[in-house]
Amino acid sequence: MQKDVIKSDSVEEEELRRKQTMKALVIGLGGVTNGGKTTLAKKLKKRLPNCDIISQDDFFKPESEVETDERGFKLYDVLDALYMEEMVKRIRNWMKSPASSGVVTEEPPNTCDSVKNTDVYILIVEGFLLYNYEPLNELWNRRYFLTLPYEECKRRRSTRVYQPADTPGYFDGHVWPMYLKYKSELEENASNIVYLDGTKSQEELLSCVYSDIIQELKKLREGNQQVTT
């Protein structure tokens with residue numbers, strides 16, 4: 001009977017130790033519309049252990065609450081078109097308890113050996129206006145920003161179906177000018193952002209970002225080991 005008590009205490013202690021050493025890695029994957037953010041985020045999730053995704057697109061306000069300018073353009077590409085406070089709250093809630101967030105904790109079959117069985121949890125936040133909202137900027141461990149030249153971005157945008165649909169002149173009159181505005185603000189005020197060329201293949205982009213995140217995971221894991229020794 002005494003052995004069972006000791007075993008139970010040992011399990012509880014192990015669980016407490018695991019929670020104390022658990023780390024959360026918050027990755028920002030921002031950039032231009034149609035730059036490949038969502039696709040890259042999904043590919044990363046398949047490769048990384050304990051990984052979850054939050055998409056900024058899930059926080060758009062309903063069309064009735066989005067402002068319309070004098071040209072009749074719905075102003076979707078601005079922060080006021082999004083429930084940003086709710087987005088920050090969602091991310092912070094995940095950070096408080098990443099292990100209970102519903103993230104699948106099985107390692108993908110092609111996960112790097114050096115980060116298998118890790119107590120580090122990864123959140124990828126993807127969206128087009130991640131780094132121009134101050135309450136978010138204190139949360140990032142790594143930040144990436146996908147870029148595209150004008151012609152390629154416009155071409156890709158024209159192949160997508162949006163609800164509501166883009167009106168004639170919407171890309172040139174609203175989408176692209178807002179992208180340039182926010183990108184300029186970013187370049188002036190933000191640092192430690194890795195810029196990615198969105199014209200490169202998804203395989204190249206995945207390899208670049210995956211390798212970078214693996215290095216961050218190793219650093220966190222080494223920090224965890226030092227804490228527990």
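**Entry 1**

I looked up Arg 92 and noted that, at 35% relative accessibility, Arg 92 counts as partly exposed. The cut-offs I applied are these: buried means under 20% relative accessible area, exposed means over 50%, and partly exposed lies in between (1.4 Å probe, protein chains only). The model is a predicted one, in which local features need pLDDT of at least 70 and side-chain atom pairs count only at pLDDT 80 or more, while totals for chains, interfaces and linings use all residues. Residues are numbered from 1 along each chain as its sequence is written, and side-chain values use heavy atoms, with hydrogens and water left out.

I then searched for the partner of Arg 92 and found a salt bridge between its side chain and that of Glu 138 (2.6 Å, N to O). The pair links distant parts of the chain, 46 residues apart: Arg 92 belongs to helix 3 (residues 84-96), and Glu 138 to the loop between helix 4 (134-137) and strand 4. A salt bridge is a side-chain nitrogen of Lys or Arg within 4 Å of a carboxyl oxygen of Asp or Glu. Glu 138 is exposed, as its relative accessible area is 58%. I recorded 11 salt bridges in the whole structure.

**Entry 2: Helix 5**

Which residues does the salt-bridge network with Glu 152 link? I found Glu 152, Arg 155 and Arg 156 in it. The closest N and O atoms of Glu 152 and Arg 155 are 2.7 Å apart, and those of Arg 156 and Glu 152 are also 2.7 Å apart. Glu 152 and Arg 155 are separated by about one helical turn because they are three residues apart in helix 5. Arg 156 and Glu 152 are four residues apart in helix 5, again about one turn. An α-helix has 3.6 residues a turn, so residues three or four places apart point the same way. I noted that Arg 155 is partly exposed at 46%, whereas Arg 156 is buried at 19%.

**Entry 3: Helix 6**

I compared the span of helix 6 (residues 170-189) with expectation: its 20 residues should span 28 Å at 1.5 Å a residue, and the end C-alpha atoms are 28 Å apart, which agrees. The expected span is 1.5 Å times one less than the number of residues. Helix 6 bends by about 25 degrees at Trp 176, and Pro 177 follows within four residues. The bend is the angle between axes fitted to the seven residues ending at a residue and the seven starting there.

The buried residues of helix 6 include Tyr 170, Trp 176 and Leu 186. I found that its buried residues pack against strand 4 (142-147), helix 5 (150-158) and strand 5 (193-197).

**Entry 4: Asn 132**

Where does Asn 132 lie? I located it in the loop between strand 3 (120-127) and helix 4. Its side chain reaches the backbone oxygen of Tyr 182 at 3.2 Å. I also noted a contact of 3.4 Å between the side chains of Asn 132 and Glu 185, which is polar.

**Entry 5: The whole protein**

I counted seven helices and five strands; helices (H or I, at least four residues) and strands (E, at least two) are DSSP runs, numbered from the N terminus. Of the 229 residues, 43% count as buried. The average pLDDT, the predictor's confidence in each residue from 0 to 100, is 85.

Methods. Contact = heavy atoms within 4.5 Å. Polar contact = N/O pair within 3.5 Å; in protein donor to acceptor, adjacent residues only side chain to side chain.
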